[in-house]
Amino acid sequence: MTFIKVAAILRDKTNHFLLQTETRDYQKATSQAKCLFQEYEQNRLNSLSFHLDQAELMLSYDLNEKCETEKRNVIQVYDLLKIVRDNISNIKENFKKATLNIEDLTEWYENLIGNCTGLLKLFDGLTLRKLKPRVLELTDAGPGVGKSNRDVRFRAAEKVLIQNLDFYSRIHRATGDCQNEVERTQSAVGKAISDGGSIHWEYKILDINSQEVKNMSLEDLELFEDDINKFNVSETCKDLARRVQNSPGPRGGFMVGLVSNTKDGMFFSDEASLKIYLDTAQTKRHMLPGYNYYKKISDFYDSHFEEGELYIEYVKFKCEEKNGIICEYCTNGWSASPINVVPKPYPDENYKYKSYEENANV
Ligand SMILES: [Zn+2]
């Protein structure tokens, strides 16, 4: 992976971490055993650490073969990564101590926020790739992907805020719909992976006769077997991704085959605490870890997104129409030229709908 790609991933993760960091949330963390607020913070810090580690590993690859400018950029990022990691270790160490107090915690978090902001400024000076400001996501029937899924709504709002999008739409295509791009993509993927060849990889098996296995406790053996299964599944996925890579796509282009990260390395690492928040009655949510962050995202969703039967749609400055006031986020302005929501179908004569062009002027 190139330096530019690594830096772009790290920039997005740092943006996510800063968006997630709410003073009223982290100040509730204590050093008591099984403190849920501390666990929530540990999870966020671990997720950022994981991405920092990955970035550092990839940045150091072939350092001597890079050109002078790239080498200088890598070294600058490197130095700041080290400082950010020290900040994180310091907070995590102090979570274990009974002497932990709000004043110190606030100071450490402010240091961390300052250095993360410095990292973003460093990335601003580089020409990193950015997601286009208008995003369309299409989904097909299936569990967990529809727009009515609560996580989907949250993640959509988070993506808008992290990437500073102008427009976002997620449409759930019905099965058999002639416009169903998802079905067409699935057919193209199916065709790419069914090439007639069997899958070959260096698979692992459990050797029950080895001395190492014989000496294991039942618990260790189960973990060991689990690791072997994970390895074999991951290698199979890599083979399938290689078949998809550069195969013809549904629109005449070529597809990209990727294997997703392990659960520890997922970009959004707060699945469990988000679920608890959503499952809890509104009147009791203020007692939960991450309440202030989730409330912020939820309010943003309510004041910017529009929901239809099979879609959700976001456009910047929608807050002005819904609340009569422009929110802090929208004051950043448009990332590209201004855009409006897609006009809704409007009936015409003879049971037909007006064309898009006619509709836009209604
Ligand atoms: Zn707004």
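Colleague: How many of the five residues of strand 4 are buried?

Modeller: In this predicted model, strand 4 covers residues 311-315. The strand is mostly covered, and the number of its five residues that are buried is four.

Colleague: Which strand is joined to strand 4 by five bridges, and in what sense do the two run?

Modeller: Serine 169 stands opposite glutamate 313 in strand 4. The partner joined through five bridges is strand 2, and the sense is antiparallel.

Colleague: Which residues of the largest nonpolar core touch the most other members?

Modeller: Helix 6, strand 2, helix 11 and strand 4 are the elements that each give two or more residues to this core. In soluble globular proteins, nonpolar side chains tend to be buried together. The core has 17 residues, and those touching the most other members are Val160, Tyr168 and Tyr314.

Colleague: Why does valine 77 count as buried?

Modeller: Valine 77 has its place in helix 4, and it touches Ala7, Leu59 and Leu122, not counting residues up to four places away in sequence. A residue is buried if 20 or more other C-beta atoms lie within 10 Å of its own. Valine 77 counts as buried because its number of C-beta neighbours inside 10 Å is 21.

Colleague: What distance separates the C-alpha atoms of valine 77 and arginine 44?

Modeller: Arginine 44 is one of the buried residues of helix 3, whereas valine 77 is in helix 4. The two residues are 33 positions apart along the chain, and their C-alpha atoms are separated by 21 Å.

Colleague: What span should the 24 residues of helix 3 have at 1.5 Å a residue, and how far apart are its end C-alpha atoms?

Modeller: Helix 3 comprises residues 36-59. Its 24 residues should span 34 Å at 1.5 Å a residue, which agrees with the separation of its end C-alpha atoms, 35 Å.

Colleague: Which helices are included in what covers the buried residues of helix 3?

Modeller: The buried residues of helix 3 include Tyr40, Leu48, Ala55 and Leu59, together with charged ones such as Glu41 and Arg44. The cover over these buried residues includes helix 1, helix 2, helix 4 and helix 10.

Colleague: Which helices are included in what covers the buried residues of helix 1?

Modeller: Helix 1, residues 3-20, reaches 26 Å from its first C-alpha to its last, close to the 26 Å expected. Among its buried residues are Phe3, Val6, Leu10 and Phe17. What covers the buried residues includes helix 3, helix 4, helix 5, helix 6 and helix 11.

Colleague: Is lysine 34 buried or exposed?

Modeller: Lysine 34 is found in the loop between helix 2 and helix 3, and its phi is near 60 degrees, a positive value in a residue other than glycine. With 6 other C-beta atoms within 10 Å, lysine 34 is exposed.

Colleague: Where does asparagine 350 lie?

Modeller: Phi of asparagine 350 is near 55 degrees, which is positive in a residue other than glycine. The residue is exposed, with 5 other C-beta atoms within 10 Å. Asparagine 350 lies in the loop between helix 12 and helix 13.

Colleague: How far apart are the C-alpha centres of domain 2 and domain 3?

Modeller: The domain assignment gives domain 2 as 132-172 + 270-362 and domain 3 as 181-268. Their contact takes six residues from domain 2 and four residues from domain 3. On the side of domain 2, these are one nonpolar, one polar and four charged residues. The C-alpha centres of the two domains lie apart by 33 Å.

Terms used
Residues are numbered from 1 along each chain as its sequence is written. This is a predicted model: local features need pLDDT of at least 70, side-chain atom pairs count only at pLDDT 80 or more; totals for chains, interfaces and linings use all residues. Domain bounds come from an automatic or database domain assignment. Two residues are in contact if their C-beta atoms, placed from the backbone, lie within 7 Å. The expected span of a helix is 1.5 Å times one less than its number of residues. A residue is buried if 20 or more other C-beta atoms lie within 10 Å of its own, exposed if 12 or fewer, and partly exposed in between; C-beta atoms are placed from the backbone. A nonpolar core is a set of buried Ala, Val, Leu, Ile, Met, Phe, Trp, Tyr and Cys residues joined through C-beta atoms within 7 Å. Two strands pair if DSSP finds at least two bridges between them.
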